[in-house]
Amino acid sequence: MSEYLEKAKELRNSTERHYNCAQGALVPFAQGAGLDDKTAAGLTANFGSGMRMASVCGAITGGLMVLGLYGADDQESTSEYLRKLRENHRGFVNCSDLLRINREEGGNKKDHCDGMVYEAVELAYDILKKKNLI
């Protein structure tokens, strides 16, 4: 398990403060890119719950922010990231669709959202590692 995934799990399990899905994906990578945790959390505050309107999943947007922060903002990297997420979730990337499918399958919302954060962190980490950016 990477240090980034460990940090994401710590944040998502925090009882002191709620970190939304976008924050859970970006904050673990912040310090390594010269960004403090507070600023990273502020940048992603309005991206949880699919930009607060059930649009693209906050974990997914947080992972895209990670790629951009580390310079992996090329078409190949972002396409790979999004392709893998779509493959893993029946083509869906919107929070409302992902939560609906989770409900239909009898899943728990917190577990689902945590899982999306961890998946986004792992995918971003894999891409950054492959590109020698971390």
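This is a predicted model: local features need pLDDT of at least 70, side-chain atom pairs count only at pLDDT 80 or more; totals for chains, interfaces and linings use all residues.

Reply: The buried residues of H1 are Tyr-4, Leu-5, Ala-8, Leu-11 and Arg-12. Viewed down the axis of H1, these buried residues fall within an arc of 120°, so they line one face of the helix.

In one of them, Tyr-4 and Phe-29 are stacked, with 4.4 Å from centre to centre and 5° between the planes. This pair links distant parts of the chain, since Tyr-4 belongs to H1 (residues 3-12) and Phe-29 to helix H2 (residues 21-30), 25 residues apart. Tyr-4 also pairs with Tyr-125, and this pair is tilted: the centres are 5.7 Å apart and the planes form an angle of 40°. Here too distant parts of the chain are linked, for Tyr-125 lies in helix H8 (residues 109-130), 121 residues from Tyr-4 in H1. Tyr-4, Phe-29, Tyr-70 and Tyr-125 together form one aromatic cluster.

A further contact involves a charge and a ring. The charged end of Lys-9 sits over the ring of Tyr-118, at 5.4 Å from the ring centre.

The other end of the discussion concerns Arg-12, which is among the buried residues of H1. Arg-12 is also one of the residues that lie nearest the centre of the largest pocket, together with His-18, Asn-20, Cys-21 and Cys-113. This pocket has a volume of about 320 Å³, and 23 residues line it. H1 supplies at least two residues of the lining, as do helix H4 (48-54), helix H7 (95-104) and H8. The largest share, 5 residues, comes from H8. By class, the lining comprises 10 nonpolar, 8 polar and 5 charged residues.

In summary, H1 has a buried face, to which Tyr-4 and Arg-12 belong. Tyr-4 takes part in the aromatic cluster, whereas Arg-12 lies among the residues nearest the centre of the largest pocket.

How values were computed: Residues are numbered from 1 along each chain as its sequence is written. Side-chain values use heavy atoms; hydrogens and water are left out. Rings of Phe, Tyr and Trp (its six-membered ring) pair if their centres lie within 6.5 Å; planes under 30 degrees apart count as stacked, over 60 as edge-to-face and the rest as tilted. Helices (H or I, at least four residues) and strands (E, at least two) are DSSP runs, numbered from the N terminus. A charge sits over a ring if NZ of Lys or CZ of Arg is within 6 Å of the ring centre and within 35 degrees of the ring normal. On a 1 Å grid over the protein atoms alone, a cavity is a set of points where a 1.4 Å probe fits but cannot get out, and a pocket is an open set with protein on both sides within 12 Å along at least five of seven lines; lining residues have an atom within 4 Å of a point. Grid points are joined across faces, edges and corners, and a volume is the space filled by probe spheres set on the points. Ala, Val, Leu, Ile, Met, Phe, Trp, Tyr, Cys and Pro count as nonpolar, Asp, Glu, Lys and Arg as charged, and the others, Gly among them, as polar. Buried means under 20% relative accessible area, exposed over 50%, partly exposed in between (1.4 Å probe, protein chains only). The arc is that of the directions from the helix axis to the C-beta atoms.
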